[in-house]
Structure formats: structure tokens, C-alpha cells
Amino acid sequence: MPACYKGVLQYKTYRIIRIQSVNYGTIKWILHAIVFSYISFALVTDKLYQKKESVISSVHTKVKGLAEVKDEIIQHGEKKVPTVFDTADYTFSLQGNSFFVMTNFLRTKGQQRGVCAEYPTHRTLCQSDKNCRQGWMDPQSKGIQTGKCVVYKENQKTCEVNAWCPTEATAEVPRPALLNSAENFTVFIKNNIDFPSHNFSMRNILPDFNKTCIFHKTKDPLCPIFRLGDIFRETGDNFSEVAVQTRQVLHGKRC
């Protein structure tokens, strides 16, 4: 057989010597226990195999839609003009991942700055000027008291206030909600997530994003534009009932 094949066809084996010793056996298992404990701590408890980094994210929302209020007003004693609300009228800036949409309100017509009788409550009812304090402003009041006790209606007297007059009456909210058409408003939710150390970023806006799309669980599940009515339907609420009391809608981050 040629010499070049001898090295290839050789097989080596090692002789194992087993020593029966209590001392060596104890040291062996102690070392095994130390190695196993460290690996368990690194993998399970401290997770040293992972590189940790705080996420940098931002969420932006934009509400769009028009609402026509059924309660009509008369201008110049002739023409009736319906009130139309746009984004600037029914949305308010909030901090955090949230947005606010007004769906109902109480209207007090003909208000002007001046002095008038306060709306009667247990805090504002009076018998004479002694029951009213000039300059007093209750947190639940409509204005600042002038110190006079005046007639509100018939034999009912309340403290006079410097405020928007006539003062707003505490009454039942309109049913159905005046801005009940807010059910068709749309909410655009834009979410960005960034891991700088890993050079990884992601957002929920696709390159071929269609601005006219509306989110649908099966037909368009990646669309970031949601209909308010659909959001409430998914939570099991009836938008027409919720809109009467006006609530705040919170949203979470959607990747």
C-alpha cells in the first residue's frame, strides 16, 4: 500500500483511566455544578446572551371628517343655516398616545359677557346680599360673584356673577348626540419604531400606501386609517350611545 494512504486510513483511539477517588470525584461535580449554575444564570436570569436596548418610538394621530348639526340657527330672521363642524371644532390636543373627539354639547344661545343671575344650585341660592361674597369664585361656578342677590326666575334668587350670560343651565344632554355623524370620522395612526444600536427601524406606513383606504380586518388589514364607528364596534360598544356622553378614545401602538 502506498505510504500516502497510510496516514488517511489510520484510526486513533485514546485510553481512558478511571480513578476511584472521593476527592477527585467531589472536585469534578463541584466544577460541573459551578459551570451549570453560571450558564443557567446567564441564559435564564440575566440573559447575557441578549443585547438590550431601549426602543425609540413615536405615534401620530390625525382625525378627519365633517359633521352637520341638526340644530339650526336663524340669521337675519329669515335664512336657516345648519351648523357645520370641522376638525378644528371637534378635536382637541392631548398629551400621550390619545386623541379627543367631541360628539355632543350643550348650547346656550345668545350668550354675551356681562353680569347675570347664576344658575340655581345649593351653592348659589340666596335670600339677600349677605349670602353672596363679592369676588368669590367657586370652582363649580359659572363666573365671579358680584356680591348681589338677584332674581333668577319667579321667586328663586341666586348670587349675581360676572360671566357669560345667560349662564349655562345644567340640563339633560341632547339625544341623539348632535355630532352623531362623527361615527364616520376617520383616524389616521402613524407609528415609528427605531432601535439605533441595531440599525433597525419599522413603521406601519407601507411604501405603496393608499391614502383613500379604510381599515378592514380581511379586505385591508394593513391600512392605518380607521373609522371611529368601526373602532367602537370592535370594542363591543354602540357609538350612538357612547356619543351622547362624549368620551375619550385611547389607542395603543400598532406596528
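The protein has 5 helices and 12 strands. Those are DSSP runs, numbered from the N terminus: helices are H or I with at least four residues, strands are E with at least two. Bear in mind that this is a predicted model, where local features need pLDDT of at least 70, side-chain atom pairs count only at pLDDT 80 or more, and totals for chains, interfaces and linings use all residues. Residues are numbered from 1 along each chain as its sequence is written, and side-chain values use heavy atoms, with hydrogens and water left out.

Now, strand β8, residues 156–165. It runs antiparallel to β6, residues 112–117, with 6 bridges joining them. Pairing here requires at least two bridges found by DSSP. V115 stands opposite N162 of β8.

Next, β7, residues 144–153. This strand is also antiparallel to β8, again through 6 bridges. V150 has T158 as its bridge partner in β8. Between β7 and β8 sit 2 residues, making a hairpin. In that turn, E154 has a positive phi of about 55°.

On to T124, in the loop between β6 and β7. Buried or exposed? T124 counts as buried because its relative accessibility is 7%; the cut-offs are under 20% for buried, over 50% for exposed, partly exposed in between, using a 1.4 Å probe and protein chains only.

What does its side chain reach? The backbone oxygen of Y119, at 2.8 Å. Also the backbone nitrogen of T121, at 2.8 Å. Leaving out residues up to four places away in sequence, T124 touches E118, Y119, K157, T158 and C159; contact means heavy atoms within 4.5 Å.

Conventions
Polar contact = N/O pair within 3.5 Å; in protein donor to acceptor, adjacent residues only side chain to side chain.
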